[in-house]
Amino acid sequence: MESISRISNLLESARELTLDAAQAARSSRSTTKPLPTAQLNKLLDSRNDREVLDGLRRVISMMYRQQKTLPFFSSIVKKVASPNIEIKKLVYICLIHHAEQEPDVALLSINTIQKSLSDSNPQVRALALRTMSGIRVPVISQIVSLAIKKGAVDMSPYVRKAAALAIPKCYRLEPNTLPQLLEYLSTLLGDKQYFVAGAAVSAFMEICPDRMDMIHKHYRSLVKKIVDMDEWSQLAVLRMMTIYARRCFPRRVRNSKAKDKTGDLQDFYGEGSSEPVSEGEQVVILDPDLVLLLNGIRPLLQSRNSGVVIAVARCYADLGTPEYTKAAVGPLVALLRGAQDIQQVALFNIVSVCLVHPESFVKYASHFLVRATDTAPVWELKLEILTLIFSHSPLQTKSLILNELEHFSRGSNKSLVREAVRAIGRCAQADPTTAPRCMRLLLGQITSLDGTLAAESLTVIRHLIQQDPQAHMGTVVRLAKNLDSATDPRARATIIWLVGEFAGLNGDDNIAADVLRILLKGFADESEIAKRQIVLLAAKVYLHHLNRETELQSKPEGEGQEESPPPPPNSEDHPIPRLWNYVLLLIRYDTSYDLRDRTRLYKSLLSVPQLASLMLLAPKPAPQAPSPSETRRGFMLGSSALVLAGGGGVHGLRGYAPLPDWVEEGREPDPKLRNQGGTAAEYGDERRAVPASQILGDASGPQGRGSNGLGGVGAAAAAGTGAKTLDDWLAEDEAEEEDDDDEEAEENGEAEESEEEEEEEEESDEDEEESEYESDESKAELEGFLND
């Protein structure tokens, strides 16, 4: 009978499995049709687990399609006590979703969920704890806190992890439970299982990120566990460790001294591995616990998660020395092999590191060459990296970068052309030795039919000319000759402005007046921006003419010579005043209000040449073309603020918190707090192993022990080793030998006395025995006589 019942049970199980598989296959091939409310309620109230599962799946499908499922909530709550774990999971999903809308109905399931916390299955216990913490009803906050307390000491690490993840939910539900939650969190932070400790750190960063005192005793254990944690926990631990290091490890810097060449045999034989450090250079001294962290997270540079790699690079950049940062350069460049979105985020972080350590990326220059499939944000960042490493590259790499920029400056993509030309200008400013080649490249493009290319090239040329005006006089003349071929309004305006800047050189031999004469012929056909520069050029040419005439008038008076006075400055015979008057006449009938106002301003200024010289002829500062990512300098690696570059306004993005400053030396916490469980002397000092070097150092120190290094402290020993002479040491040895002889004599005398006493005692005992024996014999004789 038992075999028959067993076979029937197996057949029933096989039948149900077959039906479930068929239903799963049918649902995967076709869409689930909505059922009427009555039929769906019938499925939920059924006693068959398969039908209940079908009904719950349909309700959850409706729930995520934003359909009304609240009428089924009461029927779903009835199934919370089902022993089937699949049904229990689906019921818990619906319970969390509708608990806020129907808190009274949701509270009916709390007792059943509490019973599940004592289930023998750890998966059921963890699921119940996760569900109870997800029910956002403030009334059950204390129940949730007790459930977390029970789960924090559970035997299963899966349940303890669920307890750690439930702590932030309970805190958001009722902030007043924070003192209790901190006790549970302190227990979970020291858990031996790495995935429990990782979840505890995530909860710590959410509810109390400023309580670094809770991390001290768990610091070293967390550093050892971080390699085995999951990616999300690794990100939380790395962020927490970065803040912890800034607040607990001071930044110690000392001045290095020149190394004595005769004192290091490795340097003598050429085996020294360290680079020479110049005298007086500041060297960063890292705390041993910080070195433990930096070395412990090095394997994470090989992580498959790009966020973990960037987080390690952030730790190295913000906490370590340049040597640690160089170790993270290769893994950061390797992220460029991923998808385009990962490439873009990785490039933002690479640029941020490259702003500080550009020389570390020189050997990876070929990875930053622009590809045809790159999107606009990607190739913009690549061009920026190429310009940052340009000045630190060898000649071969510099030539490669310039050829790359020249190629893209002649492309059809206007945005790419503009960025390539600007990159050429930044390269010329970064390395003055390549400025002539960059200038030749740009001058060859000013005659291009592409107005965008010509305008950007002339803008960069203007910046380069302003860097060294005296060395580019011939360049200005060449630009003036190409003025007729320049058709872009901005390009023409740039050339005219440059001619006006050099209008005061060589006196009357300057080409500015002739260029002005040619431009005035087609003044009516010029663009608005070019007309403004023509009026400015005319004002500068006329002002230089006034200044020269004033100098000629004042020179004969100073030398005391009597010569015929020169013609007045405003004489109609000179061509420059006539050109100026012609400009005024042209502007009077122009349609632009702005142009007419500017001209009246210049006319009023020129009535006072000294004031006009201060306004129009003042030296202009050389323009600088910083890297576009300079606005991102200072943002943490891996943060959204770094990618958006301050896009959140003056105060940055909401939620962004910069790293704290390094703690001042002397105000850091005691390093003994990081000893796990107080590892200071478990046993007494008498059983502690003391190194021989320490014993010898104590014996030879100013407060050493006695002459033999093990005896008591004498007056001479307290005075220091140098206060004794050889005679003193010998006298002490002789005194000790005499003391030893006296002690031996006393011991021998005491031994002899004790032996004599023992002999006397033995003799007295023998006498007593003999007397007793004699008395016994006399008694026997008396008894025999009496008997006879």
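The following questions and answers concern a predicted model of a protein chain. Residues are numbered from 1 along each chain as its sequence is written, and side-chain values use heavy atoms, with hydrogens and water left out. Because the model is predicted, local features need pLDDT of at least 70 and side-chain atom pairs count only at pLDDT 80 or more, while totals for chains, interfaces and linings use all residues.

Biologist: How are H30 and H31 oriented to each other?

Modeller: Helix H30 covers residues 593–606 and helix H31 covers residues 609–616, helices being DSSP runs of H or I with at least four residues, numbered from the N terminus. Their axes, lines fitted to C-alpha atoms over the stretch in contact, with angles running from 0 to 180 degrees between N-to-C directions, lie 7 Å apart at about 130°. Angles under 35 degrees count as roughly parallel, over 145 as roughly antiparallel, 65 to 115 as roughly perpendicular and the rest as oblique, and therefore H30 and H31 are oblique.

Biologist: How many disulfides does a search of the whole structure find?

Modeller: A disulfide is a pair of cysteine sulfur atoms within 2.5 Å. For Cys-438, the nearest cysteine sulfur, that of Cys-427, is 6.1 Å away, and Cys-438 is in no disulfide. Across the whole structure, the number of disulfides found is zero.

Biologist: Is Cys-438 buried or exposed?

Modeller: Buried means under 20% relative accessible area, exposed over 50% and partly exposed in between, with a 1.4 Å probe and protein chains only. The relative accessible area of Cys-438 is 0%, so Cys-438 is buried.

Biologist: What percentage of the residues count as buried?

Modeller: The protein chain contains 35 helices and two strands, strands being DSSP runs of E with at least two residues. Of its 788 residues, the share that counts as buried is 39%.
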